[in-house]
Protein chains: 2
Amino acid sequence: MSDPAACCTPLTGTAMSAERAEEVAGLLKALADPVRLRLVSLIAGSDTGEACVCDLNAAFDLTQATISHHLKVLHTAGLLDREKRGVWVYYAVRREALAAVAGLFDAAAVPA
Amino acid sequence: MSDPAACCTPLTGTAMSAERAEEVAGLLKALADPVRLRLVSLIAGSDTGEACVCDLNAAFDLTQATISHHLKVLHTAGLLDREKRGVWVYYAVRREALAAVAGLFDAAAVPA
DNA sequence: GGGAGACATCGACGCTCGTCGATGTCCGGG
DNA sequence: CCCGGACATCGACGAGCGTCGATGTCTCCC
């Protein structure tokens, strides 16, 4: 019987815009796959910070075409850098992109 | 001319396991949708830290069934808490879950 | 107790996504 | 020059996902 009219305050805080949501969703969609997650982990965990496709291929039970597709998705999303050296192609993680994603959830994790 | 035989060192660092990758991918898959992203943002941005379904419904041009479905996905993923109070249902964000996601990318963003 | 409102569930449709085999492109070596 | 290897692209198939209308369940009030 306290406030029968309103069920609650109708969204006071400024929320994420629809355009921004589409943007972030694109980034997360690129990462929301077990294979791509392991790819990023493999490349980021390498001592040189980069890895060539032939080694990444050997780490999975998947076709070379599939791995190439996943790398293209990550590259298109801006999460991986691509560099061709001779016959081989090397991919490196963009630390700034990962840090940006971490910052998104850090901001949302604080109470106010 | 340094090492013509090997294209690069065959994955030295310890990478994310396949099981762990599936787990994390499930979490990110729940967040990789513009509507769910805005839902989390709306609830997290509320001054009380929670929101009832009727208000969330009003914030989108979507059916009540669709919003309910998205809320269920977020709740099942462990990102939202659900509490029924009288006729209305309130959802609240699990800050720890968001912080865990942020921690994942913080760890991957450091060079070594 | 009957009715109205809030929210969840169900079944179905269209679309996107992950995976594959086959083929194309580029580079280096004999 | 031509062949072989590394990687990308293409076309197709099956599975999963977002959305909807319709229906079910629960609670409160008259």
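Through which surface do the copies meet, judging by the interface residues of chain B and chain A? The copies meet through the same surface, because 100% of the interface residues of chain B are also interface residues in chain A. This is a predicted model, in which local features need pLDDT of at least 70, side-chain atom pairs count only at pLDDT 80 or more, and totals for chains, interfaces and linings use all residues. Residues are numbered from 1 along each chain as its sequence is written, chains are lettered from A and ligands numbered from 1 in the order in which they are written, and side-chain values use heavy atoms, with hydrogens and water left out.

**How the two chains are related**

- Two copies of a chain are related by a rotation about an axis and a shift along it.
- Chain B is superposed on chain A by a rotation of 180° with 0.0 Å of shift along the axis, and the RMSD is 0.1 Å, where the superposition is by least squares on the C-alpha atoms of residues with pLDDT of at least 70 in both copies.
- That is the relation of a two-fold axis, and in chain B the C-alpha nearest the axis belongs to Ala102(B), 2.2 Å from it.

**The surface near DNA strand D**

- DNA strand D is surrounded by 22 residues, of which the closest are Gln64(A), Ser68(A), Tyr91(A), Arg36(B) and His70(B); a residue is near a strand if one of its heavy atoms lies within 4 Å of it.
- Of the atoms of DNA strand D that come within 4 Å of the protein, 77% belong to sugar and phosphate.
- From chain B, a backbone N or O atom of Thr63(B) lies 2.9 Å from a phosphate oxygen of DNA strand D.
- The elements that each supply at least two residues of this surface are helix H3 (53-58), helix H4 (64-76) and strand E3 (88-93) of chain A, together with helix H2 (34-45) and helix H4 (64-76) of chain B; helices (H or I, at least four residues) and strands (E, at least two) are DSSP runs, numbered from the N terminus.
- By class, the surface near DNA strand D has 11 nonpolar, 7 polar and 4 charged residues, where Ala, Val, Leu, Ile, Met, Phe, Trp, Tyr, Cys and Pro count as nonpolar, Asp, Glu, Lys and Arg as charged, and the others, Gly among them, as polar.

**The surface near DNA strand C**

- Phosphate oxygens of DNA strand C lie 2.5 Å from a polar side-chain atom of Arg36(A), 2.6 Å from a polar side-chain atom of Ser68(B) and 3.0 Å from a backbone N or O atom of Cys54(B).
- By class, this surface has 11 nonpolar, 7 polar and 5 charged residues.

**The sheet of chain A**

- In chain A, 3 strands form an open sheet in the order E1-E3-E2, with antiparallel pairing; two strands pair if DSSP finds at least two bridges between them.
- Strand E1 (50-52) and strand E2 (80-85) of chain A stand at the edges with a single partner strand each, so one side of each is left without a neighbour in the sheet.
- E1(A) and E3(A) run antiparallel and are joined by 3 bridges, and Ala51(A) stands opposite Tyr91(A) in E3(A).

**The sheet of chain B**

- Chain B also has an open sheet of 3 strands in the order E1-E3-E2, paired in the antiparallel sense, and its edge strands, E1 (50-52) and E2 (80-85), each pair on one side only.
- E2(B) and E3(B) pair over 6 bridges in the antiparallel sense, with Arg85(B) opposite Trp88(B) in E3(B).
- The hairpin of E2(B) and E3(B) has 2 residues between the strands, and Gly86(B) takes a positive phi near 65° there.

Methods:
Contact = heavy atoms within 4.5 Å. Polar contact = N/O pair within 3.5 Å; in protein donor to acceptor, adjacent residues only side chain to side chain.
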